[in-house]
Number of protein chains: 2
Amino acid sequence: MTEPERWFPSHIREIPEEDCRELLAAHEVGRVAYSVGDGRAPVVVPVNYTMEGDALLLRLGPNSNIAHHLQSTPASFEIDDYETYNQSGWSVLARGHSRWVDAADHPASQRLLPWAEGRRTLVVLLEIQELTGRRLLPA
Amino acid sequence: MTEPERWFPSHIREIPEEDCRELLAAHEVGRVAYSVGDGRAPVVVPVNYTMEGDALLLRLGPNSNIAHHLQSTPASFEIDDYETYNQSGWSVLARGHSRWVDAADHPASQRLLPWAEGRRTLVVLLEIQELTGRRLLPA
């Protein structure tokens, strides 16, 4: 087999947990991922979010499929950014547990304005149990 | 509770399957997601990819954690793009099954040059079983 290796591949570096947290705090859109318990592949959906302490808050339509599944379940949240021209980028993965919470107990949810239409009155809190990240540095 | 609804939220539209396929063919980086079978939240990791027919091909380091988990498992692949300034965007989710394949049997893998360093000689094929997408149109 021909092996088309590039001469200058990008370097992978771990991102320290504290920097992962700063990246999460600095962004507003990521992807929530969860399993639906039927042995099929996970669901991955972009949503906007905000941080509250060490947790993430989402606002969803109470009758949506995604809200149904996030009522109390293991869930992940991923953010990333990359540049095609020099093949660099970074990603942060927060793995934890999601649950419905009372919006009144989580004032940060008030400044989280959902992008999409519909009454997104349900607040989901994603508690982070494991926070990791990787950076891909140009060679 | 105060309800800070915006006046002009973005509209959600389903993306037809054929357009989802075109979007997959037109991009080169997405996020592969899989469960690790320990009841914890899914892993979601960005990788570059290429299409071969209706399937996706990835190239990974044979000794990597991700390769280990993708040997034969339900797996998803997500791509998206969004604009913060007008709160619009789109996302495509391919759910299916991943398995290791022989690179020689999948010539498209030859033009897939991994961004990251390391000998990424293992080719993973993600067979798409369900392909859906959503567009968020500015109001």
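I take buried to mean under 20% relative accessible area, exposed over 50% and partly exposed in between, with a 1.4 Å probe and protein chains only. Helices (H or I, at least four residues) and strands (E, at least two) are DSSP runs numbered from the N terminus.

The model is predicted, so I keep in mind that local features need pLDDT of at least 70 and side-chain atom pairs pLDDT 80 or more, while totals for chains, interfaces and linings use all residues. Residues are numbered from 1 along each chain as written, chains are lettered from A and ligands numbered from 1 in the order written, and side-chain values use heavy atoms without hydrogens or water.

**Chain A**

I counted two helices and eight strands in chain A. Their order from the N terminus is β-α-β-β-β-β-α-β-β-β. Of its 139 residues, 50% are buried.

**Strand β3 of chain A**

I looked up β3(A), residues 43–48, and found six of its six residues buried. A:Val43, A:Val45 and A:Val47 point one way, and A:Val44, A:Pro46 and A:Asn48 point the other. In a regular strand, side chains alternate between the two faces of the sheet. Strand β2 of chain A (residues 29–34) runs antiparallel to β3(A), joined to it by six bridges; I count strands as paired if DSSP finds at least two bridges between them. Opposite A:Val45 I found A:Val32.

**B:Arg95**

Is B:Arg95 buried or exposed? I have it as buried, because its relative accessibility is 7%. B:Arg95 sits in strand β7 of chain B, residues 88–101. Its side chain reaches the backbone oxygen of A:Ala41 at 2.8 Å. Leaving aside neighbours within four places in sequence, I list its contacts (heavy atoms within 4.5 Å) as including A:Val36, A:Arg40, A:Pro42 and A:Val43 from chain A, and B:Ser76, B:Glu127 and B:Glu130 from chain B.

**Largest cavity**

For cavities I used a 1 Å grid over the protein atoms alone: a cavity is a set of points where a 1.4 Å probe fits but cannot get out, and lining residues have an atom within 4 Å of a point. Points are joined across faces, edges and corners, and the volume is the space filled by probe spheres set on them.

I got two cavities of 30 Å³ or more. The largest holds about 310 Å³. Of its 20 lining residues, A:Pro46, A:Val47, A:Trp115, B:Arg134 and B:Leu136 lie nearest its centre. Elements giving two or more residues to this lining are β3 and β5 (55–60) of chain A and β6 (72–83), β7 and β8 (122–137) of chain B. β7(B) gives the largest share, four residues.

Terms used: A polar contact is a pair of N or O atoms within 3.5 Å; within protein, one must be able to donate a hydrogen and the other to accept it, and residues adjacent in sequence count only if both atoms are side-chain atoms. On a 1 Å grid over the protein atoms alone, a cavity is a set of points where a 1.4 Å probe fits but cannot get out, and a pocket is an open set with protein on both sides within 12 Å along at least five of seven lines; lining residues have an atom within 4 Å of a point.
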